Amino acid sequence: MSEHKAHIEWTFAGGDFAKGRYSREHTWQFDGGLTVPASPSPTVVPAPYSNPANVDPEEAFVASIASCHMLTFLYVAYKAGFAVQSYQDDAVGVMTKGENGVPWISAVTLRPRIQYAGAVPDRERETKLHRDAHHGCFISNSVKTNISVDSPTD
């Protein structure tokens, strides 16, 4: 099928490694050349050993789920004859402690707001489009996290 690669790089920049007093800031580099500044979440590793301005793995995980769902939704909407004008999502991941005592992102809630050009699916049809997107999303098929879609009430 295909391979997807990322280069992760960290270099000791001073501090006391033996006592855990060192920066965990690092970079992610992708095949297209983009380099993203990364860090642990400040809720996991406090500043100054983390940088809240950088992307952390947990929020990147939530973003990858939301992005994959959106891309798959756009495809299934197109195939169903609906033209999407815009798609916004304020996705939220929740970290809980697993049975083994290790925290994990146990749930991700997607909150898409979609604008259509032309015909607008009714609530039932849009729910089916989201269900089809969920079942077709490569990332949602790769994780054990519970993923749900909250439809806007307006």
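**Figure 1. Charged side chains across the predicted protein.** The protein carries 13 positive and 17 negative side chains, and the centres of these two sets lie 4 Å apart. Lys and Arg are counted as positive and Asp and Glu as negative, while His and the chain ends are not counted; each charge is placed at NZ of Lys, CZ of Arg, CG of Asp or CD of Glu. This is a predicted model, in which local features need pLDDT of at least 70 and side-chain atom pairs count only at pLDDT 80 or more, whereas totals for chains, interfaces and linings use all residues. Residues are numbered from 1 along each chain as its sequence is written, and side-chain values use heavy atoms, with hydrogens and water left out.

Figure 2. The protein has two helices and 10 strands, which follow one another from the N terminus as β-β-β-β-β-α-β-β-β-β-α-β. Helices (H or I, at least four residues) and strands (E, at least two) are DSSP runs, numbered from the N terminus. The C-alpha trace spans about 60 × 35 × 30 Å along its principal axes.

**Figure 3. The largest nonpolar core.** Nine residues form this core, namely Phe73, Val76, Ala77, Phe82, Tyr87, Ile114, Tyr116, Leu129 and Ala133. A nonpolar core is a set of buried Ala, Val, Leu, Ile, Met, Phe, Trp, Tyr and Cys residues joined through side-chain atoms within 4.5 Å, and buried means under 20% relative accessible area (1.4 Å probe, protein chains only). Two or more core residues come from each of α1 (57-79), β9 (112-117) and α2 (123-136), with α1 giving the largest share, three residues. Apart from this core lies another, of seven residues, including Val62, Ile65, Ile105 and Val108.

**Figure 4. The surroundings of Tyr116.** Leaving aside residues up to four places away in sequence, Tyr116 touches Phe73, Phe82, Ala83, Val84, Gln85, Pro121 and Glu126, where contact means heavy atoms within 4.5 Å. Phe73 and Phe82 also belong, with Tyr116, to the largest nonpolar core.

**Figure 5. His69 within helix α1.** His69 is found in helix α1 and is buried, with a relative accessible area of 2%. Not counting residues up to four places away in sequence, His69 touches Tyr87, Leu110, His130, Ala133, His134, Cys137 and Val149.

Figure 6. The peptide bond from Ala47 to Pro48 is cis, with omega near 15 degrees, and Pro48 lies in the loop between β5 (35-38) and α1. Most peptide bonds are trans.

Notes: Buried < 20%, exposed > 50% of the residue type's maximum accessible area, 1.4 Å probe, protein only.
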